[in-house]
Amino acid sequence: MPQIFHHSTNTLAKLSIFGGLFVLAAAIWALAEVNRSSYNTGQFIERQQPVQFSHKHHVGDDGIDCRYCHTSVEVSNSAGLPPTRTCMNCHSQIWSESPYLEIVRASYKENKPIEWTRVHDLPDYVYFNHSIHVAKGVGCSSCHGRVDQMPAVYQAASLQMEWCLACHREPERFLRPKDKVFDMAYNGDNALAENTTDEQRRVGREMKEKYRVRSTAVLTSCSTCHR
Amino acid sequence: MQRVDNLDDDRGIHTTPAVIEPGHDFGTVTDKISSIVLRKRTPLGWFVGFLISFMLTGMMMGTILYLVMTGIGIWGNNQPVGWAFDIINFVWWIGIGHAGTLISAILLLLRQEWRTSINRFAEAMTLFAVASAGLFPLLHTGRPWLAYWLFPYPNTMGMWPQFRSPLMWDVFAVSTYATVSALFWYTGLIPDLATLRDRARSKFGRVVYGMMALGWRGSARHWHRYEITYLLLAGISTPLVLSVHTIVSFDFAVGIIPGWHATIFPPYFVAGAIYAGFAMVLTLVIPLRKFYGLEDFITERHLRNAAKVMLATGLIVAYGYMMETFTAWYSANTYEEFMIRNRFFGPYAFYYWSLLVCNVVVPQLLWIRFVRHSTVALFVIAMFVNVGMWLERFVIIPISLHRDFLPSSWGMYSPTIFDFTMFFGTIGFFFFLMFLFLRFLPVISIFEMRTMVPEAQLPEEKLP
């Protein structure tokens, strides 16, 4: 009886075992990479807005405080987007004829809000409240990065759950005195403070004590964020 | 003959049948078993059975489709009975699988040669039962496409699964069980797949069986490695017989619900699993040997041994029921006492008493030699046990849940039509796989059966 398979099949069979293992491992690795990539998270992608509004200019150059526009950040879930009137406080006086601001003036005249593009969008199953974070000494830049250096704002963090938990597990790595919360330059260029220093840990522990931040068990309980 | 032992024959009147009937040699064994697969005409009965099971599988698929599109609200379980048919059926199927592993692994290590005729079949039964079982918790999660969350893998959530939860242990227990059972079964098949490759008439058959045989040539080196591998796998499988259902029982025993929170659960569940498994072996093997004329290989001896295992494990299970009742009284705990009273006289009392009839009363007939020797009686008793073991899980799960500590949160449970289509669908699915197995793979291990014929015995073994 002739052989059913050519002799080379033996080699192929052995190769396929190794090949299968490598293909499987590579597939898992690739999936994990895609999952954490900007493609999936939207991290680092600059969002174009209807008006060419530059945070770099308004915050960095002009030194306007975050709360001037995001008025509800200390008292509400949402930081709040300014109404067109807030823009017009200044822009009725300066750059009042600028073609770049035509949309703003039109919005003001027609009493119709500008439709800004959302940059940070948490899933609906996450309960998030800005005010509690601000009240406990979490700086704006800890999550949003150096907004004062962003002409067009992008999402500085991945917003994935592992990122939330990094702070909820060890808040002392990120907490700062409350009067520094709106200080964009608190951590220098390393705004998200990925490699926190011993000094930061010392201050963080102090602040954790001072602001009575709840225990890690509470902070990492499922229902703290998934209510 | 060596293989005819008279130990269970105290009066010397009856002779215990052999593991393989006389008159067989290497050739006839191989011919007989491989011809089931290699015959040209598929028997009409096979088509009928296959079609019915295929239609039931379709029903199951339809139910799953509707369930995935709608949500598990289509099932009857809801507060306070959050676990019902889905978990009952899961435990029922997993339990059934246990006989296969017991037969193939433990009886191999104990050198019980009679296992040879039924181990292949019982292992296939295990695999298909685990496949049916696995569907239930998977669908019970409600979002089966996220089921991989159950496994600990580095993820963007920055979390591990809850390792302290028995449900997590279940994932490991069942997935290990499925993997090891599949490997064990496949390894055992390799020499037979080579036999089929060599005997297949069509080119297609030779190529397919040839690929599955993984280049088996039957050399001494192959056999040496094969024996080592098989023994190792048997060693790995052996603890699984005990561990898998122990962990399944933790799903309940770790909870605080009266009727669940009992230390007797692990041994009681394991015995129940083997009990159910042997009942299913008998249910399947009795028609099978008749239909395919395999009475020479699966002899009266096998049926009687299975009956004895059933009787023994059935008594352990009965002891479990007794202890549940005793503990309830002895604990002097109001809730435990109420749980038993509710079982005895509550709204579902009928199912409790039916369970006792099916699992405790009827199997006592197996004490009688005449009953053990009657194929029909064995089949009927096995059916009783199949039903009884399902009822046992019904009694444990919904009956314990429907009335627990607070009367204000009591409720009643009734299944919906989709609970039934899912359950009977998986029975169909099980038989669907079984029919495919019967048609395309040797249902009895050919090469192991060849070692059982007189020719294979060494001269000194033949001495009286």
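Author: A residue is buried if 20 or more other C-beta atoms lie within 10 Å of its own, exposed if 12 or fewer, and partly exposed in between, with C-beta atoms placed from the backbone. Here the largest core has 119 residues, and Tyr275(B), Phe278(B) and Val281(B) touch the most other members. Its largest share, 16 residues, is supplied by helix H8 (residues 265–291) of chain B. Helices (H or I, at least four residues) and strands (E, at least two) are DSSP runs, numbered from the N terminus.

Reader: Which residues is Tyr275(B) in contact with, leaving aside its neighbours within four places in sequence?

Author: Two residues are in contact if their C-beta atoms, placed from the backbone, lie within 7 Å. On that basis Tyr275(B) contacts Met310(B), Thr313(B), Gly314(B), Val317(B), Val385(B) and Met389(B), once neighbours within four places are set aside. Apart from this core lies another, of 12 residues, including Cys66(A), Cys167(A), Met207(A) and Val213(A).

Reader: What kind of model is this, and how are residues and chains labelled?

Author: It is a predicted model, in which local features need pLDDT of at least 70, side-chain atom pairs count only at pLDDT 80 or more, and totals for chains, interfaces and linings use all residues. Residues are numbered from 1 along each chain as its sequence is written, while chains are lettered from A and ligands numbered from 1 in the order in which they are written.

Reader: How do I read the confidence values?

Author: pLDDT is the predictor's confidence in each residue, from 0 to 100. Chain A has a mean of 90, with 100% of its residues at 70 or more. For chain B the mean is 89, and 95% of its residues reach 70 or more. In chain B, helix H16 (residues 459–462) is lowest with a mean of 56, and helix H11 (residues 349–361) is highest at 96. Over residues 1–13 of chain B, pLDDT stays under 50, and the model has 14 contacts beyond four places in sequence for this stretch. The model as a whole scores ipTM 0.76 and pTM 0.87.

Reader: How many helices and strands does chain A have, and how is it divided into domains?

Author: Chain A has 12 helices and 0 strands. Domain bounds come from an automatic or database domain assignment. For chain A that assignment gives domain 1 (9–41), domain 2 (55–63 + 70–81 + 119–225) and domain 3 (82–115). The C-alpha centres of domain 1 and domain 2 of chain A lie 37 Å apart.

Reader: How do I judge the overall form of each chain?

Author: Chain A has 25 Å, well over the 17 Å that the rule gives for 227 residues, so chain A is more spread out than a compact globule. Its C-alpha atoms fill a box of roughly 95 × 50 × 35 Å along the principal axes, and buried residues make up 17% of the chain. Chain B, with 464 residues, has 23 Å, in agreement with a compact globule, for which the value would be near 23 Å. The C-alpha box of chain B is roughly 75 × 60 × 40 Å along the principal axes, and 41% of the residues in chain B are buried. Chain B comes to 16 helices and 0 strands.

Reader: How many residues does each chain give to the contact between them?

Author: Chain A gives 12 residues and chain B gives 9. On the side of chain A that touches chain B, helix H1 (9–36) and helix H9 (161–169) are the elements giving two or more residues. The largest share of that side, 5 residues, comes from H1(A).

Notes. Core = buried A, V, L, I, M, F, W, Y, C linked by C-beta atoms within 7 Å. Rg over C-alpha atoms; globule rule 2.2 N^0.38 Å.
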